[in-house]
Amino acid sequence: MSTSDEPFHFRYLPKRTQMTSPLKAMRDLLREDPRYKLEAYQFIRESLQYAHENLDRIGPLGYCEGDEPDVDAPRHLTGQQLCEACRLYAIDQYGYLAKMVLGRWGLETTSDFGELVYNLIRIEQMRKSENDRREDFDDVYSFDQAFQPQFELVTDDAE
């Protein structure tokens, strides 16, 4: 019999009946692959949302193989487009510190974005098309150049 002074305990389910929740899957992933911080995975998800909200800056989305253009099927973002969305989103969020912030989370190259995406695919938190490849994320751009401050020289033509 339980009294109000006793702590509440969750019942343990035998391993064969336990379901893997997304949170547990993420915890397991972080333990199995410690290269990246949780913030890096959150950044990828936010960058994906950013891409869908900023298609004019990213480029048009395609259809997965077998989808007809007039069907309301989910539209597909390529690895290169997601890398560009990551770059733009990082600059929007962190400005000149973008490269440093991403580095703190273990992100040094566009290949790291691919590693994150394919880790999320493995734990069924993202999907891919038949044509997607992990290599689509390799060498899309150099972090040294992509996150370098861009300055524009403006002259006063009125003089």
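Author: Start with burial: buried means under 20% relative accessible area, exposed over 50%, and partly exposed in between, with a 1.4 Å probe and protein chains only. This is a predicted model: local features need pLDDT of at least 70, side-chain atom pairs count only at pLDDT 80 or more, and totals for chains, interfaces and linings use all residues. Residues are numbered from 1 along each chain as its sequence is written, and side-chain values use heavy atoms, with hydrogens and water left out.

Reader: Is Y141 buried or exposed?

Author: The cut-off for buried is under 20% relative accessible area. Y141 has a relative accessible area of 17%, so Y141 is buried.

Reader: How are the rings of Y141 and F143 arranged?

Author: Rings of Phe, Tyr and Trp (its six-membered ring) pair if their centres lie within 6.5 Å; planes under 30 degrees apart count as stacked, over 60 as edge-to-face and the rest as tilted. F143 is buried too, at 4% relative accessibility. The centres of Y141 and F143 lie 6.1 Å apart, with 25° between the planes, and the pair is stacked.

Reader: Which kind of pair do F43 and Y89 form?

Author: Both residues are buried. Their ring centres are 5.6 Å apart and the planes are at 35°, so the pair is tilted.

Reader: How do α2 and α6 lie relative to each other?

Author: Axes are lines fitted to C-alpha atoms, for helices over the stretch in contact, and angles run from 0 to 180 degrees between N-to-C directions. The two axes are 10 Å apart, at an angle of about 90°. Angles of 65 to 115 degrees count as roughly perpendicular, under 35 as roughly parallel, over 145 as roughly antiparallel and the rest as oblique. So α2 and α6 are roughly perpendicular.

Reader: Which residues of α6 meet α2?

Author: Contact means heavy atoms within 4.5 Å. From α2 come A40, Y41, F43, I44 and R45; they meet, in α6, F113, L116, V117, N119 and L120.

Key
Helix = DSSP H or I, 4+ residues; strand = E, 2+ residues; numbered from the N terminus.
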